[in-house]
Structures are given as structure tokens and as C-alpha cells.
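The following exercises are to be worked through with the sequence and the structure at hand. Each task is followed by a solution in steps.

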Amino acid sequence: MAAAAVAPLFPIAPGFTAAMWLSQYNYYRVHKKSHLDPAWGYKFLPWHYDHHMAPDQDKNWCVTFPLWDYVMGTRMVYKGTEREKLDIERRLRKAVKNLELLIKMYQKTDDSKVAMN
Ligand SMILES: [Zn+2]
């Protein structure tokens with residue numbers, strides 16, 4: 001959509017228009033890859049990981065490079081902080097608790113099958 005919007009500028013400013021198209025293509029490519037391969041995103045786009053995983057999602061808007069987050073004051077580092085560590089521990093405890101509940105439910109179901117036979 002945005003690519004089509006700048007297309008009329010091509011005869012006037014071909015370099016600018018081509019840069020816009022390349023930037024948009026790079027944005028979609030990098031953003032998609034970071035969501036399909038979270039380990040890659042965690043390593044190469046930490047600011048984008050911070051956007052999705054940090055408590056304040058009104059920060060870290062940039063995807064390909066965090067320049068404008070620094071300029072606008074919206075960059076907030078989360079990856080590698082104590083807060084991230086505590087959040088990961090909390091999520092793991094919750095996941096373990098849910099797994100234990102599932103195991104108990106499965107065992108009850110399995111016990112009832114044994115009792116019926
Ligand atoms: Zn994203």
C-alpha cells in the first residue's frame with residue numbers, strides 16, 4: 001500500500017522512491033523473520049524483542065534499527081536487565097504449574113479408565 005503511494009514520485013525522485021521501496025521491503029522481511037524465528041530476533045533485533053516482551057509496549061517502536069526511538073526518547077532497554085530475568089522466571093514458574101495441572105488431569109483420566117476395566 002505504502003509502496004504504491006510513493007510510486008508517482010519515481011519519475012521525479014527515482015533514488016528516493018527506490019530507497020522507500022527497499023526500506024519497506026527490508027522492514028517486512030526483517031519483521032517477519034523476527035516473529036517466525038524468535039531466537040534470531042532476540043539476537044539481531046533486541047529493540048524489537050523489547051517492544052513485544054517488555055512491560056511497556058508504548059516503547060521501542062523501531063523494527064529495523066532503533067535510531068528514531070533514541071531520537072524520540074522511546075527506547076527502553078529490557079533485554080538483559082534484571083526485570084527481564086524476573087519476568088522469565090515468573091513465566092517459567094507459571095508454565096511448570098500449568099504442566100503439573102495437565103499431568104494431574106491426565107493421571108485422573110487414566111485412573112478412571114483403569115477403574116472401569
Ligand atoms: Zn513485531
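Domain bounds are those of an automatic or database domain assignment. The structure is a predicted model, in which local features need pLDDT of at least 70 and side-chain atom pairs count only at pLDDT 80 or more, whereas totals for chains, interfaces and linings use all residues. Residues are numbered from 1 along each chain as its sequence is written.

**Exercise 1. Domains**

State which domains the domain assignment gives, and how many Å separate their centres.

Solution. Step 1: the assignment gives domain 1, residues 10-76, and domain 2, residues 80-117. Step 2: the centres of domain 1 and domain 2, taken over C-alpha atoms, are separated by 35 Å.

**Exercise 2. Secondary structure and overall extent**

Describe the secondary structure of the protein, and then decide whether the protein is a compact globule or more spread out.

Solution. Step 1: helices (H or I, at least four residues) and strands (E, at least two) are DSSP runs, numbered from the N terminus. Step 2: the protein has six helices and zero strands, and from the N terminus on its elements run α-α-α-α-α-α. Step 3: its radius of gyration is 23 Å, well over the 13 Å given by the globule rule for 117 residues, so the protein is more spread out than a compact globule. Here the radius is taken over C-alpha atoms, and the rule is 2.2 Å times the number of residues to the power 0.38. Step 4: along the principal axes, the C-alpha atoms fill a box of roughly 80 × 35 × 20 Å.

**Exercise 3. Burial**

Determine what percentage of the residues is buried, and which residues of helix H4 are buried.

Solution. Step 1: a residue is buried if 20 or more other C-beta atoms lie within 10 Å of its own, exposed if 12 or fewer, and partly exposed in between, with C-beta atoms placed from the backbone. Step 2: buried residues make up 9% of the 117 residues. Step 3: in H4 (residues 46-53), the buried residues are Trp 47, His 48, Asp 50 and His 51. Step 4: seen down the axis of H4, these buried residues fall within an arc of 155°, so they line one face of the helix; the arc is that of the directions from the helix axis to the C-beta atoms. Step 5: their cover includes helix H2 (14-36), helix H3 (38-44) and helix H5 (67-72).

**Exercise 4. Helix H2**

**Exercise 5. Individual residues**

Decide whether Asn 60, Ala 39 and Leu 101 are buried or exposed.

Solution. Step 1: Asn 60 is in the loop between H4 and H5 and is buried, because 25 other C-beta atoms lie within 10 Å. Asn 60 also has a positive phi of about 60°, although it is not a glycine. Most residues other than glycine have a negative phi. Step 2: Ala 39, in helix H3, is exposed, because 8 other C-beta atoms lie within 10 Å. The C-alpha atoms of Ala 39 and Asn 60, 21 residues apart along the chain, are separated by 18 Å. Step 3: Leu 101, in helix H6 (residues 82-116), is exposed, with 10 other C-beta atoms within 10 Å.

Key: Two residues are in contact if their C-beta atoms, placed from the backbone, lie within 7 Å.
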